[in-house]
Amino acid sequence: MTAAISVRGIEKSFADLTVLRGVDFDVAPGSIFALLGSNGAGKTTLVRILSTLLKADAGSATVAGADVASQANAVREAISLTGQFAAVDEILTGRENLILIAQLRHLKNPGAIADDLLARFSLTDAGGRRAGTYSGGMRRRLDIAMSLIGEPSIIFLDEPTTGLDPQARIEVWQTVKQLAEGGTTVLLTTQYLDEAEQLADRIAILHQGRIIQNGTLAELKALLPSGGEPILVPKEPSLEDVFLALVGDPTPTEATSGKAES
Ligand SMILES: Nc1ncnc2c1ncn2[C@@H]1O[C@H](COP(=O)(O)OP(=O)(O)OP(=O)(O)O)[C@@H](O)[C@H]1O
Ligand SMILES: [Mg+2]
């Protein structure tokens, strides 16, 4: 099967700061690929290169079969990008934000498209309110909804849940899973191990300019030597388990089932 995203030897420096030193990976169509790395690792830089906003110094990449350097228009037609910082217009309502994008894309029935997306992202009640009044989670959902207009086959999400509370993160995770189930290829960046663990079919770790590991969660876990005889102790609940049990999770999902039992 042809990869939805294929990256070979990508290098990028800013003046004398070398950020990417030769990045290679493939993303299968309809899968969720998580790019994991600490602050400044170069995640956003790589996403900007793959979404044609920035030129690489060396190497090549194809997205939806098109070369990011020589076929930028074809790449742009196939993708959407949700940047690290939410791009919604705060003066407009949620619905107006969606309509604006649908109009910019010259789609028919922008109002119907907006209403459909508001419903899919549980924003119908908030749709008539100015986006400036939305919570961080609602704003993120609106941002992702806006990026889906025009039905891109590949979406880039740069740190989709940074700054969100645990419930809002789970809502975004559900959205991302649904997208992949519908056949969309998702490349997301994250600093959160649990996010990659919950969502990704494959996880790649970007460190010092290179992908130092790339595999499924099971493959990555198998890298650690097992510690001999298993020790049977009851599992301590995580802080997230406790938080969700106390605050209540209105929409139990795969992400929480088997964890928080209230
Ligand atoms: N346009 C630019 N000019 C100069 N330096 C830049 C530019 N863009 C990024 N950098 C530098 O490149 C490095 C990688 O930045 P990048 O934003 O890709 O990291 P990141 O992995 O997305 O980090 P974070 O997790 O904080 O978002 C950083 O040291 C950053 O300061
Ligand atoms: Mg970044």
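Helices (H or I, at least four residues) and strands (E, at least two) are DSSP runs, numbered from the N terminus. With that convention in place, I would like to present this structure.

This is a predicted model, in which local features need pLDDT of at least 70 and side-chain atom pairs count only at pLDDT 80 or more, while totals for chains, interfaces and linings use all residues. Residues are numbered from 1 along each chain as its sequence is written, and chains are lettered from A and ligands numbered from 1 in the order in which they are written.

Let me begin with the ligand. Which element gives the largest share of the shell around ligand 1? It is α1, with 3 residues. A residue counts as near a molecule if its C-beta atom, placed from the backbone, lies within 6 Å of it. There are 13 residues around ligand 1, and those that come nearest are Phe14, Asn39, Lys43, Thr44 and Thr45. Two or more residues of the shell come from each of β2 and α1. Sorted by class, the shell has 4 nonpolar, 8 polar and 1 charged residues. Here Ala, Val, Leu, Ile, Met, Phe, Trp, Tyr, Cys and Pro count as nonpolar, Asp, Glu, Lys and Arg as charged, and the others, Gly among them, as polar.

I turn now to the sheets. Two strands pair if DSSP finds at least two bridges between them. One open sheet has 4 strands in the order β2-β1-β4-β5, with antiparallel pairing. Strands β2 (17-27) and β5 (66-67) are at the edges with a single partner strand each, so one side of each is left without a neighbour in the sheet. Helix α1 (residues 43-50) packs on this sheet and touches β1, β2 and β4, and its direction makes about 120 degrees with that of β1. Contact requires C-beta atoms, placed from the backbone, within 7 Å. Axes are lines fitted to C-alpha atoms, for helices over the stretch in contact, and angles run from 0 to 180 degrees between N-to-C directions.

Within this sheet, 8 bridges join β1 to β2, and Ile5 stands opposite Val27 in β2. These two strands form a hairpin with 2 residues between them, and Ala15 in the turn has a positive phi of about 50 degrees.

Strand β9 (residues 202-207) pairs with β10 in the antiparallel sense over 5 bridges, and Leu206 has Ile211 in β10 as its bridge partner.

Finally, a helix pair. Helix α3 (residues 94-104) and helix α4 (residues 110-120) pack at an angle of about 130 degrees, with their axes 8 Å apart. The contact includes Leu98 and Ile99 of α3 and Ile113 and Ala114 of α4. By class, this contact of α3 with α4 has 8 nonpolar, 3 polar and 1 charged residues.

Technical notes
Contact = placed C-beta atoms within 7 Å.
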